[in-house]
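Take your time, and look up each residue as we come to it.

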Amino acid sequence: MKPDPATNDATSRIVISGHQVDVGDTLRAHATEQLDALGHKYFDRAEDATCTFSRTGSGGFGCAIRLHSGRGLFFEGTAEHAAAPGAFALALEHVAKQLRRRKRELREDKPVNPTRDGVL
């Protein structure tokens with residue numbers, strides 16, 4: 001989703017869904033807020049983010065997050081926990097760690113780093 005130049009709105013497309021699970025408004029709002037904040041923390045914004053909640057075979061919840069930050073950079077994290085917010089928090093930590101490592105790699109002054117100029 002491209003930002004609208006007239007309003008200078010740089011919002012990300014964030015999709016929160018449940019696979020055979022009803023995602024409540026509170027969890028949806030929390031996940032949207034956290035994913036948006038994560039996208040702004042490491043890059044100007046994320047192109048889009050998808051978060052899917054599901055039930056596990058052991059009675060808990062699973063969460064899968066996929067974040068696209070542009071230029072072919074995709075970050076994925078999955079986790080399982082007894083509660084849906086716990087699964088989301090663990091999956092978000094996995095994605096944040098990947099983003100942090102990738103950003104550090106792009107910022108290092110290497111003799112040849114063609115992607116650094118295009119992403120940062």
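## Salt bridges

A salt bridge is a side-chain nitrogen of Lys or Arg within 4 Å of a carboxyl oxygen of Asp or Glu. Side chains of opposite charge can pair when their charged atoms come close. By this rule the count comes to 3 salt bridges. This is a predicted model, in which local features need pLDDT of at least 70 and side-chain atom pairs count only at pLDDT 80 or more, while totals for chains, interfaces and linings use all residues. Residues are numbered from 1 along each chain as its sequence is written, and side-chain values use heavy atoms, with hydrogens and water left out.

Start with R13 and D48, whose side chains meet in a salt bridge at 3.9 Å, N to O. R13 lies in strand 1 and D48 in strand 2, so this pair ties together parts that are 35 residues apart in sequence. Next come R66 and E76, with their closest N and O atoms 2.1 Å apart in a salt bridge. Here R66 belongs to strand 3 and E76 to strand 4, so parts that are 10 residues apart in sequence are tied together. The remaining pair to visit is R102 and E105, which form a salt bridge at 2.6 Å, N to O. Both R102 and E105 lie in helix 2, 3 residues apart, about one turn of the helix.

How covered are these residues? A residue is called buried under 20% relative accessible area, exposed over 50%, and partly exposed in between (1.4 Å probe, protein chains only). R13 is partly exposed at 42% relative accessibility. R66 is partly exposed at 35%, E76 is partly exposed at 44%, and E105 is partly exposed at 36%.

## The overall plan

Now step back to the whole chain. Helices (H or I, at least four residues) and strands (E, at least two) are DSSP runs, numbered from the N terminus. The chain has 3 helices and 4 strands, and from the N terminus on these elements run β-α-β-β-β-α-α.

Of the 120 residues in the chain, 37% count as buried. The accessible surface, found by the Shrake-Rupley method with a 1.4 Å probe (for residues, only the protein chains shown count as cover), comes to about 7,400 Å² for the chain, and 49% of it belongs to carbon and sulfur atoms.

## The sheet

In what order do the 4 strands lie in the sheet? They form an open sheet in the order 1-2-3-4, with mixed pairing; two strands pair if DSSP finds at least two bridges between them. Strand 1 (13-19) and strand 4 (74-81) are the edge strands, and each pairs on one side only. On average, neighbouring strands of this sheet are turned by 10 degrees against each other, direction ignored.

Strand 3 (residues 61-68) and strand 4 run antiparallel and are joined by 8 bridges. To find one spot in the view, look at C63, whose bridge partner in strand 4 is A79.

## The helices across the sheet

Contact means heavy atoms within 4.5 Å. Axes are lines fitted to C-alpha atoms, for helices over the stretch in contact, and angles run from 0 to 180 degrees between N-to-C directions. Helix 1 (residues 25-42) lies across strand 1, strand 2 (48-55) and strand 3, running at about 140 degrees to strand 1. A31 lies in helix 1 and is buried, with a relative accessible area of 0%. Leaving out residues up to four places away in sequence, A31 touches I16 and F88.

Helix 2 (residues 84-107) lies across strand 2, strand 3 and strand 4, at about 150 degrees to strand 4. Its expected span is 1.5 Å times one less than its number of residues; for the 24 residues of helix 2 this gives 34 Å, which agrees with the 34 Å between its end C-alpha atoms. The buried residues of helix 2 include F88, L92, V95 and L99.

## A loop residue to look at

Between strand 1 and helix 1, the loop holds Q20. Is Q20 buried or exposed? Q20 is exposed, with a relative accessible area of 76%. Most residues other than glycine have a negative phi. The phi of Q20 is near 60 degrees, a positive value in a residue other than glycine.
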